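Please look through the structure shown below, and then read on for a report on one of its sheets and on a part of its surface.

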Amino acid sequence: MTDKQDDKPKFPVASMLAMMAMISGLVVSQVPLETSRPIGKEAKSQLFVVDDRVQSRLWQDPFEAIESHIDKERKRANELNMPIHHDHKLKDLAHEIHDSLAQEEPSFTIMPIMVDGSPYSNGIESRLRHRYAIVSALEGVEYLPESAEYIRFIKWAHSRKSHPPALILPVEWYKPKPSLGEKAPQVIIIWLKDQDFSDKPLAKLAHLVKDLRNSFQQAQFRILGPRGSGTLGTMVKEANNHSDALKPLQGVEIFSSWATAHDTFLIGDPPDNASKASPEPSTIEDRFSELGITLYRTIQNDAILAEQLIRELCLRNVNVGAVCSTSESPHHIALISEWDTLYGRVLPRTFVAVAENNGKGQASSELERHINTLRRGNWPSWTHHYSYLAGLDGELPPKDHDKSTSEHSLNKKVEERTKRVAQGMELPEGRGQLDYIRRLAKTLQEDAADVPGGYRAIGVLGSDVYDKLLILQALKKSFPQAIFFTTDLDAQLTHSGQWPWTRNLIIASHFGLQLRQDLQKPIPPFRDSYQTALLFSVLQALKDIDKRKVITEVPPRMYEIGRQGPFDLSALDNPESPFSIHPERLDLNPLTGYPRQVNFSSILILVILLILIIILAMLISSRVWTTLIHLMTNGRFWAITGIAMIIVLGLTFWGISDRADGEPFTLTEGISVWPTQGIRLLSFFLSGTFFLYSGWSLRKNEGELKKIFRLPDIQENCPKDSLFQRVKGIHDWSQSSPHVTIQQLWLDYLQLGHWKNRWIRYGPQAVLYLCFGVLLMGLFGQPHTPCRGEVCFDISNAILAASVVGMVLLIFFVVDATRLCRRLIKHLVEESVQWPEDFLKQEAKKRGVQESFVREWLGIDFIAQRTAVIGQLIYYPFIILFLMYVARHSYFDRWDFTIGLVILLTLNVAYAFGNAVALRQSAKNAKRAALFQLKSKLLPLSDQVPAEKESKHQIERAINAIKNNHDGAFLPVTSHPIFGAIALPSGGYGIVLLMEYLANTF
């Protein structure tokens, strides 16, 4: 008797529970907002107290170092009950410097530097960055500090009338290296807090310059500042008064490397009629020149930055204010900025004004008119403006009475923040504004749903990088298809910890993190673009650089955040131009503009690698050897290969035709669509290859079945069916008699499986399915294509269309072959199929059973051998579907999955998988029917009669053979080596068990 086998499907309960827990965690959980802003300020170190100098590293905040020094100085004086001997007067500092120099009349370059003096963490960080930039710049121009351990400071009274408290001004002395010569000037750096000069900056600077001239006779002044556009606007208003108090500033040069507001915002209030503008707008440089002051704006204004941003958005198919396409309506754009700073109020209006000015940011009366219109609050309909207060996280510096316990307070704040993040709380109370950001995000979602197409782009235009990170963190997942952009490159935006919400962020920045190599020298890339701007200002102040022309002829830089940091997308500078100050793009040849990676040698190496892989596969696998030998002897294969090579080369040269204005060529940065297009192109060629191989394998299997089961060839003079009959095809396949011969059944099967009949059946199905997909995409929205440049969009659309058509045709071809095979199995099960008598006798003798017991055995063997080939075909659609899914993976670029796309992919998988399950079910029914027939013949037999006992043994042998037939569709899913190789290492064995359970159940 046969061994008992457990045919009951085993449902993987544990695996299913684990899967449900994992999925529910992904759906339900929400990552709470968490700021990356440092809490508090640095703890004071234990300093050595020296009368006239302050211990400070070159990278340290000079104001923090001096504040600590003064506290120590007072504490020591109180302990010793002695007065402080050193007054830190300017004249004492000047005498000391003069006495230490061997020259009788040394020359000086005095550089007051205006920095952010706020006590907040971003102010402290900016001072650290700016001092690092100054120290690096002076090293680059051959200057060394007087000491790497100490700095000086002076106490300066900025007004003798009201006797205000003296300002503490850190001072650094830099000496020229011998390579500069004996006549090189000494450099005196004086650090000024911008807030101390914000009310009357020019008047106070004039007073400071006057005092400095009295102490340093041979001095020229290079002022680096002001720190912000607000202070520069105040300077402009002072310049309009032409006060005699400003005369000490005659001959002074001011280098503005921070203030970027457009002149219109700085000169004054808008006219009563916003549509009017002066025919020839005067510049603020002209107004300073009337006072004898030379102003160099070493950084472009925001209008030029907005022009580059609009150009970049146009390349990404975002029509900004109808600039990109006058025939298309402007896309809706959201702009988010702080309203409590001049920068936050000015930048969104400048961006929109440039868009309304046909994307032109150069100074003109028309641009000024658009700016004044926006200053009156008249926003165009395509713009949606949102605002917030700077300092969203609510972090403040410690109070004075907390200084002794600053470390304890810092640890307590860190613990509170960690607890708040762990509990996922953004409480609507206290100084923090995180709950406002949540509601702001919800408001944006509601507003986006009310406009056609939603928000195509979202600009985060604040001045605080920590606020930008919080806003991006709150919005990025809610707007997967929107292009996020901002200004001012900062290393915080490129940090790996911020990558989930800053990846693919578009950044327009006046400078990058470094200049070209001969200007940057050995200095490593900075933390933000304003450090680079400050470096450039120092180079202009101390070296012979054309201060006027160099900055006006270099456009701002465009970056996209990739996996390795900011990726330069800027238009190429002329490498022969003396005004090019930025490093070259790493992906493009500056002379030709073509990608560095795309060249003949690279293509040749790839071709050789492909050939070696093919040869290695042929040597390892006999099946690959046989298949490739067959293909290489096929003329159609070489024709298709030649066409494929032509297509690949054509697409390659087409893709690089727009050079710097196109999609960047990179494989691992996560900002390029070319890896996706390569995978899609591979899936298209694989679809064609699978078509050829499937046809060949089916014909080969048909030939083998003909030999094994003595089946006839299809006759050329078979009657031609009508078109309607061909379309009905499988559905209309029936036999007129319950007793049909295997030869007739086989001929009908071959006739229906002819390629012309197949095409008539699945061709219209594929076309209708493609139409259904197009309508579904129109209903739920088109998936986002993260292309850059018109050529990229054209290539992407062409490759996508080809790969989708190839995938759909392959799916319907395999499904049609599977359905036809299922119909054949159904006839074998439901009808009494007659086998040739001589063939039955031969097989009965070979298998050692009677002729009446071999029919069922032959039917099962026939099904196993045919479904072995059909079963292999079922894997091909899954391979293509897998490649199409991988092609849209976010690893390569900012691809997304819309609801319509998810539905289509699910239908594709379900259709292919459902037919595979149905084929297994049909084979299972055939095996069940065959076993039933044999078991019914087994019941009346007895072990007592020798003849019946022998018949019984023969039937049991046939039953065992049928039960143990695990070929073709009878092969268990979990026994297939492919599933074992994939499922076990990936931990997906539970999913495979579920698939087997479903296959065995339905």
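## Strands of the sheet

Strand E10 (residues 332–338) and strand E11 run parallel and are joined by 6 bridges, where strands (E, at least two residues) and helices (H or I, at least four) are DSSP runs numbered from the N terminus, and two strands pair if DSSP finds at least two bridges between them. Within this pair, Ile-333 stands opposite Thr-383 of E11. The model is predicted, with local features needing pLDDT of at least 70 and side-chain atom pairs counting only at pLDDT 80 or more, while totals for chains, interfaces and linings use all residues. Residues are numbered from 1 along each chain as its sequence is written, and side-chain values use heavy atoms, with hydrogens and water left out.

Both strands belong to an open sheet of 7 strands with mixed pairing, in the order E11-E10-E12-E13-E14-E15-E16. Because E11 (383–388) and E16 (565–568) stand at the edges with a single partner strand each, one side of each has no neighbour in the sheet.

Helices H20 (600–620), H21 (622–632) and H22 (635–655) each supply at least two residues of a nonpolar patch, and H20 gives the most, with 4 residues. Trp-638, which is placed in helix H22, counts as partly exposed because its relative accessibility is 47%, the class between buried (under 20% relative accessible area) and exposed (over 50%), with a 1.4 Å probe and protein chains only.
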